[in-house]
Amino acid sequence: ETVLKRDETNFSRFSLCNAVIFEAPLCCAEGLFRVTVLLILLLLWSCRPSASPANQPSKWKIILKDISLTLLATFLLAIPGFILLIYRQSSTQDEWKLLGIPTGFGNIDPRRFATITMVG
C-alpha cells in the first residue's frame, strides 16, 4: 500500500509539472493564434457592405466577447504556475475536475482551449 500511495503522489506531481511546463505555454500559443484568426476574420467580414456593426450588432458582440475572453485567459495562463488553479481540486483517486480560470470578472471555462481538453 505504501508503494501505491507513493506512485499516486508521483503521478500527481508529474501531472502538475506537465501542466506547468507544457500545457500553459501551449495554451498561450493556442490563444494567441485563435485571437489572431478571429481578428483577421472580423476584419474580412467587416469589409462586406452588409456586415456593419449597425446591421448585425449581436454577431459583432459575440465575436468581440470571444476575442476578449480568449485574450484575458491567455494572458493569465502566461503567468507561471497560474494553470495550477485550474487543477486545484483534482486528485488521483477521482476524475480530474477542471475549475474555471479565475478572473476579476468571473471564471472563464478552461475547455475553451483544446490543449487543456485534449492534453490535460
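**Entry 1.** I started with Asp109 and Arg111, whose side chains meet in a salt bridge at 3.0 Å, N to O. For my own record, a salt bridge here is a side-chain nitrogen of Lys or Arg within 4 Å of a carboxyl oxygen of Asp or Glu. Asp109 is partly exposed at 37% relative accessible area, whereas Arg111 is exposed at 55%. My cut-offs are buried under 20% relative accessible area, exposed over 50%, and partly exposed in between (1.4 Å probe, protein chains only).

**Entry 2.** A note on the source: this is a predicted model, where local features need pLDDT of at least 70 and side-chain atom pairs count only at pLDDT 80 or more, while totals for chains, interfaces and linings use all residues. Residues are numbered from 1 along each chain as its sequence is written, and side-chain values use heavy atoms, leaving out hydrogens and water.

**Entry 3.** How many salt bridges does a search of the whole structure find? I got three.

**Entry 4.** Next I looked up Asp66, which forms a salt bridge with Arg34, the closest N and O atoms being 3.2 Å apart. This pair links distant parts of the chain, with Asp66 in helix α2 (residues 57-77) and Arg34 in helix α1 (residues 2-46), 32 residues apart. Helices are DSSP runs of H or I, at least four residues, and strands are runs of E, at least two, numbered from the N terminus. Is Asp66 buried or exposed? Asp66 counts as buried at 18%, and Arg34 is partly exposed at 28%.

**Entry 5.** Arg112 also forms a salt bridge with Asp66, the closest N and O atoms being 2.4 Å apart. Arg112 lies in the loop between β2 (106-108) and α3 (114-118) and Asp66 in helix α2, so the pair ties together parts 46 residues apart in sequence. Arg112 is partly exposed at 22%.
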